[in-house]
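This briefing covers selected features of one protein model, grouped by topic. Please read it alongside the sequence and structure shown here.

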Amino acid sequence: MHIIREDDLIASIAEGLQYISYFHPPDFVRAMSAAWEREENPGAKQAMAQILVNSRMCALGRRPICQDTGSANIHVKYGVEAKTDFKRSLQEICDEGTRQGYLRDENPLRASVVVDPFGKRRNSGDNTPCMLTVEMVAGDTIEVEVAAKGGGSENKSKFTTLNPSGSVADWVVQTVETLGAGWCPPGILGVGVGGNADKAMALAKQSLSEPIDMAELLRRGPSSTAEDLRIEIYERVNALGIGAQGLGGVTTVLDVKVKSFPTHAASLPVGLIPNCAATRHVHFTLDGSGPASFTPPDVTDWPEILLDQASAQATRIDLDNLTDEVVGSLTPGQTLLVSGTLYTGRDAAHKRMIEMLDRGEPLPVDLKGRAIYYVGPVDAVRDEAIGPAGPTTSTRMDKFTDRILADTGLKVMIGKAERGPAALEAIAKHKAAYLIAVGGAAYLVSKAIKEAKPVAFQDLGMEAIYELRVEDMPVTVAVDTAGNSIHKTGPAAWRRTPVPA
């Protein structure tokens, strides 16, 4: 019997994390392409086009699909008869694989894990520890599922315990309706039913790595209760009209996966975890013959999509001349190409700016009449000005918005997904505007960034404030100076009654 070497597991995990950083699974590309073809809302169709173009660019350029290269989720099925030379714990071994995968010079991945969830939340610097789960199974091999899970979709995870007679479909649909667009639809919904609280959530997470086969299931029809449930949730969620990036449209989910487990007679635990437009996972098996190898997908899996037509219809905006008249002319749903000076700043930077304002200290950057971009980019390589730099979920900045707008004179914010009531009120009060870039198109967005230099809070790493010079960066107006939001009007316009089965 061959011996499975520790070094081979480490190398396989490292290579797997690199692989999934720039290759979407082919089934995801095919499902997204089909959704793009049938989408009827021009704004949502354009968003999906950007996701697909970005995906193809990343596959060719071997750079991350999303700036949030995720926490490393590693699920190991450990054969009880497997022979190994392991000297360290499985957590330590998988952490070493994660460390090597995220610190590759030719394609560095963003470190997002903080070692202390309280207080200072210091970044580990290498994205360790990984989120490891282990199953002991029959056999003499070690099977590994490697996935990268971004914060935007992970933050939308939900759990409940229904009464045994409760409707799983009703709860899932009602819950998805409250999630907003911060999980970057269109994506996948993972549903775990049964077990207990931790088991239901584990089932939901594991289901996200199953093949996307909803089109095939719809063609052949369901053959089990779980498949009936999948179809019902799929059709009802898409009927909500949320659409790509929450802009309203035909497709919100590409597939719904359901896994179940026996449970207590008094309980019906249900876990829900969405996967975003940067769905990333790969599976490999070690049998002692060496490290895993990964075959790149066929580039013909990606459709040839040109964005020139949409760009020709966009309005060009000079970020260095954001007058009240310019900002006031913006309308929800309008497509823009913005150029000029753009500052970055997200959670930690906003918190620090508020603390400085409270102390009466001047801020390190003058935001009067400027635009700020909620982003934490990947480090640049070679001749890049910046690494992949897609938007982060904007609602995390909502509690800072009124103070920042009032005290700095900021005019425009760029981020991802909807804003909450407090932010909408602040935007209207201060006659500002909120724009969105497409979540899941980070490499494409980065190509519009021609210069980038850190100008404040460098100790915050990827959360430092950068000054960017951008040229024709594609964005959509989400909230105008009156507080009108496309994330309200868009889904409302596309909501429909699902067709009964």
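Asp213, Arg230, Asp255 and Lys257 are joined by salt bridges into a network. The model is a predicted one, and it holds 35 salt bridges.

**Salt bridges**

- Side chains of opposite charge can pair when their charged atoms come close.
- Asp402 and Lys429 meet through their side chains in a salt bridge, with an N to O distance of 2.9 Å.
- Because Asp402 belongs to helix α13 and Lys429 to helix α14, this pair ties together parts that are 27 residues apart in sequence.
- Asp402 is partly exposed, at 32% relative accessibility, while Lys429 is exposed, at 52%.
- Between Glu361 and Arg359 there is a salt bridge whose closest N and O atoms are 2.8 Å apart.
- Glu361 has a relative accessibility of 32% and counts as partly exposed; Arg359, with a relative accessible area of 51%, is exposed.
- Asp347 and Arg346 also form a salt bridge, and here the closest N and O atoms are 3.7 Å apart.
- In that pair, Asp347 is partly exposed with a relative accessible area of 21%, whereas Arg346 is buried at 8% relative accessibility.

- The protein chain is split into three parts: domain 1 (1–149 + 298–305), domain 2 (151–277) and domain 3 (314–486).
- Between the C-alpha centres of domain 1 and domain 2 the distance is 21 Å.
- Contacts between these two domains involve 20 residues of domain 1 and 26 residues of domain 2.
- The size of an interface is often given as the accessible area lost when the parts come together.
- For domain 1 and domain 2 the buried area is about 1,700 Å², and carbon and sulfur atoms give 57% of it.
- Across this interface, 11 residue pairs are in polar contact, both residues of each pair being at pLDDT 80 or more.
- On the side of domain 1 that touches domain 2, α2 (26–38), α3 (42–61), β1 (71–79) and β3 (142–149) each supply at least two residues.
- The largest share of that side comes from α2, with six residues.
- How many salt bridges are counted between domain 1 and domain 2? The count is one.
- Lys149 forms a salt bridge with Glu154, and the closest N and O atoms of the two are 3.1 Å apart.

**Helix α13**

- Helix α13 spans residues 398–408, and its buried residues are Asp398, Phe400, Thr401, Ile404, Leu405 and Thr408.
- These residues lie on the same side of α13 because they cover an arc of only 125° around the axis.
- What do the buried residues of α13 pack against? Their partners are α12 (347–358), β12 (412–415) and α14 (421–429).
- Gly409 follows α13, and its phi is positive, near 80°.

**Ser21 in helix α1**

- Ser21 is part of helix α1, which covers residues 6–22.
- Is Ser21 buried or exposed? Ser21 counts as buried because its relative accessibility is 5%, and buried means under 20%.
- Leaving aside residues up to four places away in sequence, Ser21 touches Arg63, Pro64, Ile65, Asn107 and Leu109.
- With one of these, Asn107, the contact is also polar: the side chains of Ser21 and Asn107 make a polar contact at 3.1 Å.

**Pro42 in helix α3**

- Pro42 is located in helix α3.
- Pro42 counts as exposed because its relative accessibility is 61%, and exposed means over 50%.
- Pro42 and Leu247 are 205 residues apart in sequence, while their C-alpha atoms are 9.6 Å apart in space.

Definitions and conventions
Residues numbered from 1 in each chain as written. Predicted model: local features only at pLDDT ≥ 70, side-chain atom pairs only at ≥ 80, totals over all residues. Heavy atoms only, no water. Helix = DSSP H or I, 4+ residues; strand = E, 2+ residues; numbered from the N terminus. Buried < 20%, exposed > 50% of the residue type's maximum accessible area, 1.4 Å probe, protein only. Polar contact = N/O pair within 3.5 Å; in protein donor to acceptor, adjacent residues only side chain to side chain. Contact = heavy atoms within 4.5 Å. Arc of directions from axis to C-beta. Domains from an automatic or database assignment. Buried area = accessible area lost by both parts, 1.4 Å probe. Salt bridge = Lys/Arg side-chain N within 4 Å of Asp/Glu carboxyl O.
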